[in-house]
Every structure is written in C-alpha cells, then in structure tokens.
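User: I am new to this structure and would like to learn how to read it. Please take me through it feature by feature.

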Amino acid sequence: MLSEKLKPTRDHPLKTWYRDFNYFLVDNWQRFWVVALWIGIMAALFAYQYVQYRKRDAFDVMGHCVCMAKGAAETLKLNMALILLPVCRNIITWLRNKTRLGVAVPFDDNLNFHKVIAMAIAIGVGVHGISHLACDFPRLLNASPEKYKPMEPYFGEQPASYWYFVKGCEGVTGIIMVVLMAISFTLASPWLRRRKEEKSSKTLMNKILNKLTGFNAFWYTHHLFIVVYSLLIVHGVKLYLAREWYKKTTWMYLAVPMTLYGGERLVRTLRSRARAVNILQVPVYPGNVLVLHMSKPHGFKYKSGQYIFVKCAAVSPFEWHPFSITTAPNDNFLSVHIRIVGDWTRQLKTVFSNVCQQPPVDKSEGADSLQEDNNPMYFPKVLIDGPYGAPTQDYKDYDVVLLVGLGIGATPMISVVRDIINNIRSIEEEENSLEGGTRPPTPKQKTGANSSSSHKHDFRTRKAYFYWVTREQGSFDWFKDVMNEAAEMDHRGVIEMHNHCTSVYEEGDARSALIAMLQSIYLAKNGLDVVSGTRVVSHFAKPNWRTVYKRIALNHPDTTVGVFFCGAPAPVKELRQLASYFSHTTSTTFVFHKENF
C-alpha cells in the first residue's frame with residue numbers, strides 16, 4: 001500500500017542530508033546551472049580586473065582597494081546589462097512558444113532572476129563605492145609626491161581636498177545613480193509595493209506612506225532606470241584610470257540589451273495602439289472585483305493561462321498593469337477579473353462608475369453591471385498589450401493537472417477550465433457528427449476554433465483537479481457561470497472541482513455542523529450548493545494538501561502531474577515541498593509551477 005510506503009523512516013542524518021541535497025539538485029537543476037554560470041562569469045570578470053590592476057602603477061598608491069573597486073565595476077557592467085533581459089516579455093514569450101529552450105531554461109523564474117540580479121547590483125555598488133570613497137580617494141590625498149606622480153596623467157596635480165573627487169563628473173554621476181537606485185530598490189520591496197492605503201489612520205507617518213508607497217510609486221520610480229542608464233554611460237566614458245576607448249567597455253555591455261529592451265517597448269507601444277478594444281460589459285462582483293468584458297481584436301491569439309497588460313488613459317496615460325485572461329482561446333470575447341486593492345484599480349472603478357449607470361438587477365445574480373449610458377463611446381478607452389507567456393499555459397503538456405488558485409489567483413486557472421470545457425464540447429460535437437453520418441465542420445465553417453480532427457490530438461488532458469481557496473463566500477459569484485457549465489458539460493468526469501471557504505470552520509467541527517447539514521439538504525433538494533450557489537459542493541477550511549497529493553498519486557501511478565499555482569505566497573513552500581516529496585517516494589512525478597508577475 002502507498003500509505004505504508006509513505007510512513008516516515010529514521011535514517012542517519014548524513015544520509016538524510018545527502019538524499020535531500022540530491023532531491024534539491026534534481027528538482028532545481030535548471031535554476032542551478034543558470035545561476036552557476038552567471039556566478040562563474042561574474043567571478044571570472046572580477047578576477048580578471050583584479051589581476052590587471054594588481055600589475056598597474058595605481059596599485060602602489062591605492063593598494064587592493066582599486067582592484068576591488070574595478071573588479072566590482074566589471075560585474076556591475078555585466079549585471080546592468082543582464083537585468084534588462086528577464087523583463088523583455090515579448091522575447092521570453094516567443095522563446096517559450098516557438099523553441100524548446102524551456103526544457104533547460106527556467107523561463108518561469110524570469111522575475112525572480114531579475115530580483116537576484118538586482119541584489120547583485122546592490123552588492124556591487126556597495127563594494128565599488130566604498131572602495132573608492134573610503135579607501136582610494138583618501139590614499140590619493142595622503143600619498144607622497146613620489147608615489148602620486150604616476151597618477152598625474154589620470155587625476156592631474158595631487159588634489160588638496162576630498163571634494164575634488166566628489167565634484168567631478170565621475171563622482172556626481174556615481175552619487176546620483178546610487179541615490180536613484182536606492183529609491184527604486186526600496187519602493188520595489190514587497191512590503192512597500194503591495195502596501196494597502198490605510199484611510200482610517202490619521203498619523204503623519206501613515207499619511208506619508210500612503211502618498212509614497214503602493215504600486216504607482218513602484219511603477220514610476222522603477223522608470224528612473226532611464227536616467228540611471230544615461231548616467232551610467234556618461235560615468236563609463238569619464239572613467240578613472242582609463243584613457244583608451246577600447247578600455248571603456250560600459251557601452252559594449254549595454255548595447256545589445258538596451259537595443260532589445262528598446263525594441264520591446266517600441267513593439268508594445270505600436271501593438272497597443274492597434275489593439276484598442278471595445279468594452280462590452282463591466283460587472284462588479286462581491287469582494288470588490290471588477291470584470292472587463294472586451295471585444296477580441298482581430299488576429300489576437302493566446303493560450304489559456306497567459307496574461308495581458310491593460311492601460312486606461314482616463315486613469316493614467318502611462319501605466320500598464322498585468323491581468324490574467326479569464327476566457328478561453330476559442331471564446332469570442334476577452335475578459336479580465338480585477339480585484340480592487342490598489343490606487344490604480346480603485347481609480348479604474350471610479351472612472352467606470354462615473355460614466356456608467358447602475359441599472360436595477362436581480363441581486364440573486366450576485367453582481368451589479370455597469371452599463372454604458374446609451375452610447376458605447378462613453379466608456380473609457382482601454383488598450384491591451386500581449387499576450388505574454390506564463391507558467392499555466394503549459395498545462396497541455398500534462399495528462400493530469402492540479403490547478404490551485406487562492407482568491408483572485410484563480411483567474412488563470414479559470415481560463416484553463418474554460419478551455420477544457422470547450423475541448424470537451426468540440427470532441428462531443430465531433431463524435432455526434434460522426435455518429436449521425438455528417439461531416440465535421442471545417443475550420444472555415446467553425447470560426448475561432450481549431451479543426452475538429454485536431455482536437456483529440458491537441459487535447460491530452462485526462463484529468464484536471466481544480467482547488468479554489470477563498471476567504472469570502474461572495475467570491476464564488478466571480479466564476480459561477482464557469483462552475484455550472486463545467487458541472488453540466490463534463491459528462492466524462494475530466495474536471496474535478498473543489499471550492500474551499502476558509503472563513504468557516506473545517507468540516508467535522510461542531511461549529512460548522514449546522515451549515516454542513518443545511519448544505520446537504522439544499523443540495524439534495526435543489527441541486528445547488530448553498531454556500532457557493534453553484535453545482536460545485538463547497539468545503540470548509542483550507543485543503544489538506546498532503547491528502548490531495550496522496551490521492552492524486554494513488555489515482556495516477558506512473559504519471560507526470562503538472563501542478564500550477566497562482567495566488568498569495570503562503571502555501572507555496574508546502575506545495576513545492578510536497579511535489580518534491582511525492583515525486584521521490586511514489587511512481588507519480590509532480591512538476592510544480594508558480595505564477596510570477
């Protein structure tokens with residue numbers, strides 16, 4: 001029995017450590033080789049510059065400090081170039097979709113790598129700046145005339161004050177870059193970037209934080225990189241201890257990445273202008289969720305799980321915000337579900353509310369619908385850019401998938417569920433047409449869908465487990481239509497849906513017994529769940545993830561299961577560790593994927 005095999009055993013600590021380390025390498029070999037290569041290149045560049053300056057006259061005056069400063073500077077050039085590549089989303093999406101590089105390169109971790117490079121830049125700036133300011137410059141000031149003489153071609157006559165170095169072009173550009181990067185790095189920290197505005201607090205500190213933090217602050221200060229890179233080029237041209245042009249290599253490092261990133265932004269600008277969409281409907285659901293139903297631009301193709309950037313000029317003429325697409329590729333419209341949690345989203349809701357009227361609706365439907373006031377031109381203009389690749393788009397690579405969404409993080413999973421429903425419908429239509437002796441519709445006859453003969457070939461999902469965990473009962477209204485459609489259409493039992501409401505005590509607890517009893521009676525009488533209002537039965541408290549993995553392993557031996565997660569980071573560690581544990585202790589392999597924005 002699998003349950004017996006999974007009983008913990010006591011091994012020697014050294015053996016346990018070796019086994020865990022081996023598991024770590026097997027599970028993370030893609031990340032390992034990329035990071036190892038990156039660190040190796042940095043180490044080689046640092047060592048090369050260190051050795052070069054160890055042999056120069058400057059070493060006699062400034063000692064190892066100049067070697068440290070120049071070695072750190074060389075790694076900074078590399079990292080300032082590399083940090084642009086992980087955010088070239090169009091290039092990464094193309095590489096994901098058109099090449100097999102995803103087998104060896106962890107494209108899902110592009111933003112994590114971007115953050116790791118940023119940390120390396122912060123360390124490099126610290127080493128470079130401290131070496132110059134606290135060591136090199138004081139040594140130059142205090143050097144004897146004989147020792148300083150070889151430095152005259154680079155610094156002129158021996159300066160009498162420290163201010164000489166600071167007021168120069170190299171000093172001014174360096175200090176400004178450090179200040180701008182410090183502002184950008186600080187406001188990009190998770191706590192400040194995701195901080196919610198506290199309207200109830202009237203303290204001076206909270207008023208200041210409300211103004212200076214949040215996504216808007218992060219977005220605008222991150223665009224200080226334009227100034228930073230301009231100053232970096234100037235700083236590289238006015239280089240200490242280098243006069244020959246071929247030794248001023250900053251522009252050589254930056255040329256290709258800056259060209260690629262510039263092209264990336266240009267493509268986004270041109271493409272978004274050609275992809276203005278018409279707003280069809282704007283439902284507002286409980287839990288402060290706004291849904292944009294938009295027309296699909298001509299030729300717009302995407303995969304379930306991908307996301308788009310949305311811009312509304314009435315809110316901000318510059319800001320683009322990413323949202324997962326919640327419709328399936330074969331649907332004839334686009335939709336995104338937007339949780340009202342930040343300054344931009346609050347303003348977006350306000351803009352739509354100001355130009356729309358609230359018609360009387362049946363409250364049992366669970367949503368108010370903001371509709372246009374007689375003229376569709378009254379809706380604010382919305383532009384979209386994308387689609388962009390995301391981990392969930394790879395769900396078709398697996399026969400069995402485990403989809404986990406927390407709160408609004410269920411959005412990419414809903415697109416997958418819709419896609420599975422559409423594929424099931426297409427297969428059933430094909431089978432019915434063959435049984436009736438009619439010819440299946442061709443791609444031209446069936447607009448927006450793949451040819452019927454290719455559905456079975458493309459659709460390999462045999463089983464999909466969808467776990468949606470949310471705290472608020474009203475959240476279930478967001479995707480009520482999808483839940484009901486899946487329950488009605490899925491005669492083959494492909495989709496197994498589990499809704500979990502964590503604001504209620506877990507099943508079996510005496511405090512939730514009455515709710516459970518009412519739930520059972522209502523379900524038996526009306527065929528609907530009293531908690532979610534759908535045909536999908538709701539469970540209480542968060543899932544027991546170990547039991548979930550164990551059941552899937554029992555049901556699907558010798559199978560590779562794709563695990564896709566989107567939402568708050570709290571359960572990520574547990575889900576990833578369980579995926580690794582069950583992969584190494586059972587015949588079922590679990591491959592964990594996490595959404596990153």
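User: Is Trp38 buried or exposed, and how do I read that?

Analyst: Look at relative accessible area: buried means under 20%, exposed over 50%, and partly exposed in between, with a 1.4 Å probe and protein chains only. Trp38 has a relative accessible area of 7%, so Trp38 is buried. Phe113, at 22% relative accessibility, counts as partly exposed.

User: What kind of model am I reading?

Analyst: This is a predicted model, where local features need pLDDT of at least 70, side-chain atom pairs count only at pLDDT 80 or more, and totals for chains, interfaces and linings use all residues. Residues are numbered from 1 along each chain as its sequence is written, and side-chain values use heavy atoms, leaving out hydrogens and water.

User: What kind of aromatic pair do Trp38 and Phe113 form?

Analyst: Rings of Phe, Tyr and Trp (its six-membered ring) pair if their centres lie within 6.5 Å; planes under 30 degrees apart are stacked, over 60 edge-to-face, and the rest tilted. Trp38 and Phe113 are edge-to-face, with 5.6 Å centre to centre and 80 degrees between the planes. Trp38 sits in helix α2 (residues 13–54) and Phe113 in helix α6, so their pair ties together parts 75 residues apart in sequence. Helices here are DSSP runs of H or I with at least four residues, strands are E runs of at least two, and both are numbered from the N terminus.

User: How many aromatic pairs does the structure hold?

Analyst: The structure holds 23. One of them is tilted: Phe300 and Tyr302, 5.7 Å centre to centre with 45 degrees between the planes. Both Phe300 and Tyr302 are buried. Elsewhere, ring pairs link Phe137, Phe155, Tyr162, Tyr164 and Phe165 into a cluster.

User: Which residues does a disulfide join?

Analyst: In general, a disulfide is a covalent bond between the sulfur atoms of two cysteines. The test used here is a pair of cysteine sulfur atoms within 2.5 Å. The structure holds one disulfide. Cys65 and Cys135 form it, at 1.7 Å from S to S. The link is right-handed, with 65 degrees about the S-S bond. Cys65 is in helix α4 (residues 64–82) and Cys135 in helix α6 (residues 110–142), so the pair links distant parts of the chain, 70 residues apart. Both cysteines are buried.

User: In what order do the six strands of the open sheet run?

Analyst: Strands of a sheet pair through backbone hydrogen bonds, either parallel or antiparallel. Two strands count as paired if DSSP finds at least two bridges between them. Here the order is β13-β12-β11-β10-β14-β15, and the pairing is parallel. At the edges, β13 (538–540) and β15 (589–594) each pair on one side only. From one strand to the next, the twist averages 20 degrees.

User: How many bridges join strand β11 and strand β12?

Analyst: Seven bridges join β11 (residues 463–470) to β12 (residues 495–501), in the parallel sense. Thr470 has Cys501 in β12 as its bridge partner. Cys501 is buried, with a relative accessible area of 2%.

User: Which strands does helix α19 touch?

Analyst: Contact means heavy atoms within 4.5 Å. Axes are lines fitted to C-alpha atoms, for helices over the stretch in contact, and angles run from 0 to 180 degrees between N-to-C directions. Helix α19 (residues 480–489) packs on the sheet and touches β11 and β12, its direction making about 145 degrees with that of β12. Helix α21 (residues 545–555) lies across β10, β11, β12, β14 and β15, at about 175 degrees to β11.
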